Amino acid sequence: MMSELEEAGFLLQPHTSAGRIPTDKAFRYYVDHLAGAARIAFEDRSQIELHYSGRGRDLALLMRDTPKLLSILTRQAAMVMAPRLEAVELESVNFIRIRNHEVLAVFVATNGTVQNRLISTDRDHSQGELDRMANYLNESLGGRTLDEAREWIEAQLKEEHAQYDRFVRDALLLGGAIAGRTDLIEVYVEGSAQALEQPEFADPGKVRELLRALDDKTALLELLERSIREQGVMVSIGSENPRLAGFAVVAAPYIGGSKPLGSLAVLGPVRMDYERVIPLVEYTARALSKVFEL
């Protein structure tokens, strides 16, 4: 039977004197067909709910604490993508004159996030003009995401009245300066010490591989964004992601209202306790989503 499993690609023998070990294909089959229904222990569920129960908490601090929580629960490295600015719904926009040809744009998201951006303008605007421009934009942009705001502004700039009404055009250009500029997406990573407790990382070479993987923010971000596109729990095993070969990643998106905002994940060895990690990641993502509904 072991010979048949090896021929089918489910087992491999690293070298002649070694025993056979499961391949990435074997773990994929286990996750897809053999792992039990996702369940989470009462103690774990209580700890997650307690972590997110406090109202009015600083969102930036909460995001940084999320991978710490996941790392403690799973004994693996964990990460979270900060909310994508483009997906956050706008509540209001304000413009503040700083000096000649410089305006501070302040926009407040419906989840309470506040972002400031300094904008250089071709024309010098009085504070009264800026207030009227903000009121004009707020009538149409309230409740839209930045992506939606960008599309609306681009469409309005093509309209004939925007070509001839200087006030409207200046307001749209200021709005476009907000919607058209996005900050780099932050990825918070925690738990390398917990991950190193796994037997796979007794080898110094494996330790270096782990640290390189956790430092490759681009590869991690690609996986987190992929879980957003798949709109559910995503499990990437070993060679399925060449940039993180040798590791397994369990990721799930969190949402605000009906829109995906970001994603969180656990990274560990391919020999991971998937039956425990998958429900923990999924439940934490749901708990974090509720924070953005408050």
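Me: Which residues are linked with Arg28 in a network of salt bridges?

Reply: A salt bridge is a side-chain nitrogen of Lys or Arg within 4 Å of a carboxyl oxygen of Asp or Glu, and in this structure Arg28, Asp32 and Glu240 are linked in a network of such bridges. This is a predicted model, in which local features need pLDDT of at least 70 and side-chain atom pairs count only at pLDDT 80 or more, while totals for chains, interfaces and linings use all residues. Residues are numbered from 1 along each chain as its sequence is written, and side-chain values use heavy atoms, with hydrogens and water left out.

Me: How many salt bridges does a search of the whole structure find?

Reply: The search finds 15 salt bridges. One of them joins the side chains of aspartate 44 and arginine 276, with an N to O distance of 2.7 Å.

Me: Where do aspartate 44 and arginine 276 lie in the chain?

Reply: Helices (H or I, at least four residues) and strands (E, at least two) are DSSP runs, numbered from the N terminus. On that numbering, aspartate 44 belongs to helix 3 (residues 42-51) and arginine 276 to helix 12 (residues 274-291), so that the pair, 232 residues apart, links distant parts of the chain.

Me: Is aspartate 44 buried or exposed?

Reply: Buried means under 20% relative accessible area, exposed over 50%, and partly exposed in between, with a 1.4 Å probe and protein chains only. Aspartate 44 is buried because its relative accessible area is 9%, whereas arginine 276, at 32%, is partly exposed.

Me: What is the N to O distance in the salt bridge of glutamate 200 and arginine 271?

Reply: The side chains of glutamate 200 and arginine 271 meet at 2.5 Å, N to O. This pair also links distant parts of the chain, 71 residues apart, with glutamate 200 in the loop between helix 9 (192-195) and helix 10 (204-215), and arginine 271 in the loop between strand 10 (259-269) and helix 12. Glutamate 200 counts as partly exposed at 25% relative accessibility, and arginine 271 counts as partly exposed at 40%.

Me: Which helix holds both arginine 226 and glutamate 230?

Reply: Both residues lie in helix 11 (residues 217-230), where they are 4 residues apart, about one turn of the helix. Arginine 226 forms a salt bridge with glutamate 230, and the closest N and O atoms are 3.1 Å apart. The relative accessible area of arginine 226 is 26%, which makes this residue partly exposed, and glutamate 230 is partly exposed at 44%.

Me: In what order do the 5 strands of the open sheet come?

Reply: Two strands pair if DSSP finds at least two bridges between them. Here the order is 7-3-10-9-8, with antiparallel pairing. The edge strands, each pairing on one side only, are strand 7 (187-190) and strand 8 (234-237). Strand 8 is joined by 4 bridges to strand 9 (residues 247-256), and the two run antiparallel; serine 236 has valine 249 in strand 9 as its bridge partner.

Me: Which strands does helix 11 touch as it packs on the sheet?

Reply: Contact means heavy atoms within 4.5 Å, while axes are lines fitted to C-alpha atoms, for helices over the stretch in contact, and angles run from 0 to 180 degrees between N-to-C directions. Helix 11 touches strand 3, strand 7, strand 8, strand 9 and strand 10, and its direction makes about 125° with that of strand 10. Helix 4 (residues 59-74) lies across strand 3 (77-81), strand 7, strand 9 and strand 10, and runs at about 150° to strand 3.
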